[in-house]
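Subject: Handover of a structure

Dear colleague,

Please find the structure below, together with its sequence. My notes on what was found in it follow.

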Amino acid sequence: MPEYKELLSRARKLRHDMTKEERHLWYDFLRGYSPRFSRQKLVAPYILDFYCSTVTLAVELDGGQHYEDAGKAYDERRTAYLQQQGIQVLRFSNLDVMRNFDGVCRQIDIEVKKRLAEKSRQP
């Protein structure tokens with residue numbers, strides 16, 4: 001239980017200390033998006049940058065550390081775990097958000113609509 005409380009505390013801190021790319025995506029797109037996304041959502045043992053429970057979709061923004069060998073290996077394990085939980089993960093670099101914001105938003109929107117359509121076809 002102490003680990004969970006530490007993760008929860010870290011998630012709160014991350015919500016408060018968003019990167020400029022996270023702030024841009026949140027305030028200029030995801031905050032008013034429907035279905036609703038959450039910031040820094042705890043899916044123990046991980047904290048997701050943005051998460052939509054309606055379509056079980058995580059959106060992750062990757063800084064430079066994610067492109068180093070250790071970061072890539074960590075992200076692969078993390079994504080595999082989340083996929084086992086039924087969560088689809090979309091990854092974008094911080095550079096994508098700053099240089100191709102409309103394209104990032106369009107890709108998120110396409111994935112959400114695709115997953116909503118899949119859900120509506122399920123019995």
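Predicted model: local features only at pLDDT ≥ 70, side-chain atom pairs only at ≥ 80, totals over all residues.

Rings of Phe, Tyr and Trp (its six-membered ring) are taken as a pair if their centres lie within 6.5 Å; planes under 30 degrees apart count as stacked, over 60 as edge-to-face and the rest as tilted. By that rule, a search of the whole structure finds 5 aromatic pairs. One of them joins Phe29 and Tyr33, a tilted pair with 5.2 Å from centre to centre and 50° between the planes. The rings of Tyr33 and Phe37 have centres 5.9 Å apart and planes at 65°, so this pair is edge-to-face. Phe29, Tyr33 and Phe37 form one aromatic cluster.

Residues are numbered from 1 along each chain as its sequence is written, and side-chain values use heavy atoms, with hydrogens and water left out.

Burial is judged by relative accessible area: buried means under 20%, exposed over 50%, and partly exposed in between (1.4 Å probe, protein chains only). Tyr33, at 12% relative accessibility, counts as buried, and Phe37 is buried as well.

The sheet

Helices (H or I, at least four residues) and strands (E, at least two) are DSSP runs, numbered from the N terminus. Two strands pair if DSSP finds at least two bridges between them. In this model, 4 strands form an open sheet of mixed pairing, in the order β1-β2-β3-β4. β1 (38-43) and β4 stand at the edges with a single partner strand each, so one side of each has no neighbour in the sheet. From one strand to the next, the twist averages 45°.

β1 and β2 run antiparallel and are joined by 5 bridges; Leu42 stands opposite Ile47 in β2. Strand β2 (residues 46-52) is also antiparallel to β3, with 3 bridges between them, and Cys52 has Leu57 in β3 as its bridge partner. β2 and β3 form a hairpin with 4 residues between them, and Thr56 in the turn has a positive phi of about 40°. The pairing of β3 with β4 is parallel and covers 6 bridges; there, Val59 has Leu90 in β4 as its bridge partner.

How enclosed is β3 by the rest of the structure? It is largely enclosed, because 6 of its 6 residues are buried. Both faces are covered, with Leu57, Val59 and Leu61 buried on one side and Ala58, Glu60 and Asp62 buried on the other.

Helix α5 and the cores

Helix α5 (residues 101-121) has 21 residues and reaches 31 Å from its first C-alpha to its last. That is close to the 30 Å expected at 1.5 Å a residue, the expected span being 1.5 Å times one less than the number of residues. α5 lies across β3 and β4 and runs at about 175° to β4. Such axes are lines fitted to C-alpha atoms, for helices over the stretch in contact, and angles run from 0 to 180 degrees between N-to-C directions.

The buried residues of α5 include Phe101, Val104, Ile108 and Arg115. Contact means heavy atoms within 4.5 Å. The buried residues of α5 pack against α2 (20-28), β3 (57-62), β4 (88-93) and α4 (94-99).

A nonpolar core is a set of buried Ala, Val, Leu, Ile, Met, Phe, Trp, Tyr and Cys residues joined through side-chain atoms within 4.5 Å. The largest such core has 20 residues, and Leu25, Phe37, Phe50 and Ile108 have the most contacts inside it. Two or more residues come from each of α2, β2, β3, β4 and α5, with the largest share, 5 residues, from α5. Not counting residues up to four places away in sequence, Ile108 touches Leu25, Phe29, Leu30, Phe37, Val59, Leu90 and Phe92. Apart from this core lies another, of 7 residues, among them Val43, Leu48, Leu82 and Ile87.

Helix α3

Thr79 is found in helix α3 and counts as buried at 16% relative accessibility. Leaving aside neighbours within four places in sequence, Thr79 is in contact with Val89 and Arg91. Gln83 also has its place in α3 (residues 69-84), but is partly exposed, with a relative accessible area of 44%.

Yours sincerely
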